[in-house]
Number of protein chains: 2
Amino acid sequence: MNGIQLFALRLEAEVREGDDLAALLASALADAGLELQGDDVVIVTSKIVSKSEGRVVACDGTPEHKEALVLAESRRVLRRRGPLLITETRHGFVNANAGVDLSNTAAGTAVLLPIDPDRSARALRAALRHRHGVDVAVVITDTFGRTWRQGVTDVAIGAAGLRPVLDLRGTLDATGRRLEATVVAIADEIAGAANLVLDKAAGTPFAILRGGSPAWRGTGSVRRDLIRDPDTDLFR
Amino acid sequence: MNGIQLFALRLEAEVREGDDLAALLASALADAGLELQGDDVVIVTSKIVSKSEGRVVACDGTPEHKEALVLAESRRVLRRRGPLLITETRHGFVNANAGVDLSNTAAGTAVLLPIDPDRSARALRAALRHRHGVDVAVVITDTFGRTWRQGVTDVAIGAAGLRPVLDLRGTLDATGRRLEATVVAIADEIAGAANLVLDKAAGTPFAILRGGSPAWRGTGSVRRDLIRDPDTDLFR
């Protein structure tokens with residue numbers, strides 16, 4: 001029986017610029033009576049990564065100010081409807097309002113996405129190796145809308161120690177035929193799974209996934225492996 | 001600590017038209033030494049739902065034959081590139097090749113999506129209630145590509161006993177401000193999470209999610225709650 005466990009870790013403190021996320025995670029683990037294991041995937045919401053990196057800016061909350069921030073974070077506007085902008089961010093993500101977020105931050109401020117979330121993930125992974133002596137994988141998540149489907153899901157915006165996509169092309173199915181549609185975006189599935197245990201209103205910015213497949217481990221980045229090349233995109 | 005567990009159940013037998021999925025699940029549970037619990041979410045891949053419902057048709061494997069099947073399953077073609085068709089299915093799903101799948105089925109055949117996956121989910125839920133005396137939730141999954149991002153993920157195409165989207169609008173964040181972007185597509189996150197334990201090459205068509213939030217329970221359907229109204233879709 002192939003199984004995984006996911007659990008959220010509570011963080012009481014508000015995260016501020018310069019905070020050490022590895023130390024905060026260590027404290028949250030200790031509060032929960034847990035130790036990191038080498039096959040764990042550590043999932044962190046982008047919100048606290050951004051806060052620790054000082055990606056918090058003044059925002060008076062007016063649509064005009066928010067739009068100016070969104071445009072500054074974007075390299076291309078794909079669609080606009082009322083106050084909603086669908087843009088391509090400087091990273092290459094396509095999402096609503098370039099991830100500029102006015103929730104869970106002090107009044108008068110907005111949180112921007114990390115500048116290089118893959119680098120942030122690698123830095124946290126290295127700090128966790130140093131502190132705990134284990135090589136975990138790290139996934140940094142944010143909440144994105146989707147075309148065609150209602151509702152938002154959490155997806156990976158940065159990753160380290162993990163293959164963001166698992167390429168099963170060439171794998172044979174149970175009947176001996178080649179599998180179709182088999183480049184699986186496991187980093188996004190991990191991000192969405194973690195959101196099932198996280199509670200945005202309750203200060204749980206970390207989740208741990210335990211029992212994942214060894215096949216997930218490896219190198220890669222969200223920017224290189226998960227962002228679709230605009231030239232091959234049928235809807236841009 | 002808020003936590004969930006996910007595990008896959010193995011099914012040795014090939015599923016055929018008329019097979020009772022509740023009986024197959026009961027047998028897979030018994031093999032694993034497990035009993036269903038009332039808070040479980042049962043995740044089933046659409047492939048075996050389709051097979052049990054006789055949604056298997058002859059296909060000689062040529063691009064022409066496959067395309068004819070795809071077009072028969074679709075009400076609108078959105079994009080075409082080489083043999084790849086992005087269509088809107090008769091259900092309203094937008095995906096590649098209308099879910100027509102030539103893997104994990106006998107040579108010379110193709111599997112189509114269930115005609116009404118929400119109805120299939122309700123039927124399985126009722127059968128499980130009858131057999132085990134517990135009210136589980138059921139999610140039927142299929143593998144879809146996405147715009148903007150590489151790789152496929154599993155999403156929900158049918159659900160029962162579950163709110164496919166969890167509407168947190170009006171919920172206050174940790175700082176007392178209203179949460180943004182808070183209609184969460186939990187059925188899709190559950191489907192993707194289950195795919196982390198399923199192995200398409202190894203005959204594991206069932207997964208169980210244990211420990212989910214009571215807030216997920218309720219009524220709703222994928223068709224009504226998760227499919228975006230084409231009139232409000234910015235990219236169709």
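User: How many cavities of 30 Å³ or more does a search of the whole structure find?

Analyst: On a 1 Å grid over the protein atoms alone, a cavity is a set of points where a 1.4 Å probe fits but cannot get out. Here the search finds 1 cavity of 30 Å³ or more. The largest cavity holds about 380 Å³ of space, a volume being the space filled by probe spheres set on the points, which are joined across faces, edges and corners. Keep in mind that this is a predicted model, where local features need pLDDT of at least 70 and side-chain atom pairs count only at pLDDT 80 or more, while totals for chains, interfaces and linings use all residues. Residues are numbered from 1 along each chain as its sequence is written, and chains are lettered from A in the order in which they are written.

User: Which residues are closest to the centre of the largest cavity?

Analyst: Lining residues have an atom within 4 Å of a point. There are 26 of them, and Arg146(A), Thr153(A), Arg146(B), Thr153(B) and Val155(B) are the closest to the centre.

User: What is the strand order in the open sheet of chain A?

Analyst: Strands of a sheet pair through backbone hydrogen bonds, either parallel or antiparallel. Strands are DSSP runs (E, at least two residues), numbered from the N terminus, and two of them pair if DSSP finds at least two bridges between them. This sheet has 3 strands in the order 4-5-6, with antiparallel pairing. Strand 4 (74–81) and strand 6 (94–96) of chain A each have a single partner strand, so one side of each lacks a neighbour in the sheet. Strand 5 (residues 84–89) of chain A is joined to strand 6 of chain A by 3 bridges; Glu88(A) has Val94(A) as its bridge partner there.

Terms used: Side-chain values use heavy atoms; hydrogens and water are left out. On a 1 Å grid over the protein atoms alone, a cavity is a set of points where a 1.4 Å probe fits but cannot get out, and a pocket is an open set with protein on both sides within 12 Å along at least five of seven lines; lining residues have an atom within 4 Å of a point. Helices (H or I, at least four residues) and strands (E, at least two) are DSSP runs, numbered from the N terminus.
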